[in-house]
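My entries are below the display.

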Amino acid sequence: MTPCFEWFEVLYYWAGLKMYDLVAGRRMLHLSRYYSADESIELFPTLARKGHDRSLKGTVVYYDGQMNDSRLNVGLACTAALVGAAVLNHAEVISIIKDDAGDRIIGARIRDKISGKEFDTFARVVVNAAGPFCDAVRKMADKDAPPMISPSSGVHIVLPDYYSPEGMGLIVPKTKDGRVVFMLPWLGRTIAGTTDSNTPITMLPEPHEDEIQFILDAICDYLNVQVRRGDVLSAWSGIRPLAIDPSAKNTESISRDHVVCEDYPGLVTITGGKWTTYRSMAEDAVNAAVRSGKLKPANGCVTNNLHIVGGNGWDPASFTVLAQQYVRMKKSYGGKIIPGVMDSYISKHLSHAYGTMAERVATIAQNENLGKRLAHGYPFLEAEVAYCARNEYCESAVDFVARRCRLAFLDTDAAGRALPRIIEILASEHKWDKARKKLEFQKAKQFLETFKSSKNAQFHDGKHTGS
């Protein structure tokens, strides 16, 4: 929903979004349309009727898709493994291996960060898809390589669900200082963003208090809810790898599109781009690798027909099978086993997060007494931790709270409270000793401190002092 406070805005956005519908063609989700001020308030009760001494003339609504990126990301790794890739996480490249003449890259030296072991691995082509870190890999091959990344930090905050109605978000394409602001329902809460500022490249970027405040101030203008810093459940900063094409004459051409290049023989780098176009990015990178290594694939690109693991045979009603056929067996504090309902909130979550693999998670919840929720008010189950440890390369507590489920990003404090139980389950799956459990707890706590929930806040505004 795009709020319009002038009639010319109504016309401008309506016409623009009709063009959007036209370009989408067959892939269009639904037609965009105009709603009057009254209809808009009915659809979005927290929307303000007045803003900057102007009254709402109506809104233009268009449709977009949404995904849970942590689930899609791990789904890609598991799908790759299923079709024959050797997958290794928690591994870093420490140096590049060149052939005897030093003309071509033929492999890399890898350090397994869990065992500490190092080993060499060889390939006819190396693809560097290290996101914002891709320049570090290029510099291993050629210390004089010009940078390709112009890193930009984007901060997002998560607010309670009552900030936005289910299924309807708010986007303001141009705020009073020219930025884009959005507020969307996401995984049962509301996500708001975003900022765009230059940043150094670090492993654990943190949001600044003024960036969080900027987002709160920006959405405040469009809502009739009291927007409070204390409502922020989680706030984080991510690094966008905006790409500069090294072969471009003009260095100003920083792009949100992707760039594929081979500036050292045997090393194909892909960077830039975004989730929306990730399949076409991958196709371009693999095509470049095929050319670089003079490979002879038996067929062309198959991505158009390749489902992510759990996607084949899934349909939106799949969750009903979970709700009807499974129970959650929960261990009480006294050690008694109590059956719990697999309600539609939990079964929808499992179905959306795991696709057709959800039944395997539900089976663990039922047969291994791991049916309890990990955090009050969230649908994540203990069974998911065991399932991810067995089937999704989940090797640490941070892996689970941030990269298998999105709890750290949805509610940092709830993630902190769930840690002891998550670590207990992972410890029994991976046979951890006491020292490893303690280390996992410390690492996860340190990780969660980079998320600025209201409890983690570094500010003082009279009403609320963060520690």
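I worked from a predicted model, in which local features need pLDDT of at least 70, side-chain atom pairs count only at pLDDT 80 or more, and totals for chains, interfaces and linings use all residues. Residues are numbered from 1 along each chain as its sequence is written, and side-chain values use heavy atoms, with hydrogens and water left out.

Entry 1, the sheet. I found an open sheet of three strands in the order β6-β7-β8, with antiparallel pairing. Its edge strands, β6 (91-98) and β8 (118-122), each pair on one side only. Strands here are DSSP runs of E, at least two residues, and helices are runs of H or I, at least four, numbered from the N terminus; two strands pair if DSSP finds at least two bridges between them. Five bridges link β7 (residues 105-112) to β8, and Gly 107 stands opposite Phe 122 in β8.

Helix α4 (residues 134-141) lies across β6 and β7 and runs at about 30 degrees to β6. Axes are lines fitted to C-alpha atoms, for helices over the stretch in contact (heavy atoms within 4.5 Å), with angles from 0 to 180 degrees between N-to-C directions.

I checked β12 (residues 181-186) for cover: five of its six residues are buried, meaning under 20% relative accessible area with a 1.4 Å probe, protein chains only. Three bridges join β12 to β11 (residues 170-172), antiparallel, with Val 172 opposite Val 181. β12 also pairs with β13 (residues 189-193) in the antiparallel sense, over five bridges; there Phe 182 stands opposite Gly 193. Two residues separate β12 and β13 in their hairpin, where Leu 187 takes a positive phi near 50 degrees.

Methods:
Buried < 20%, exposed > 50% of the residue type's maximum accessible area, 1.4 Å probe, protein only.
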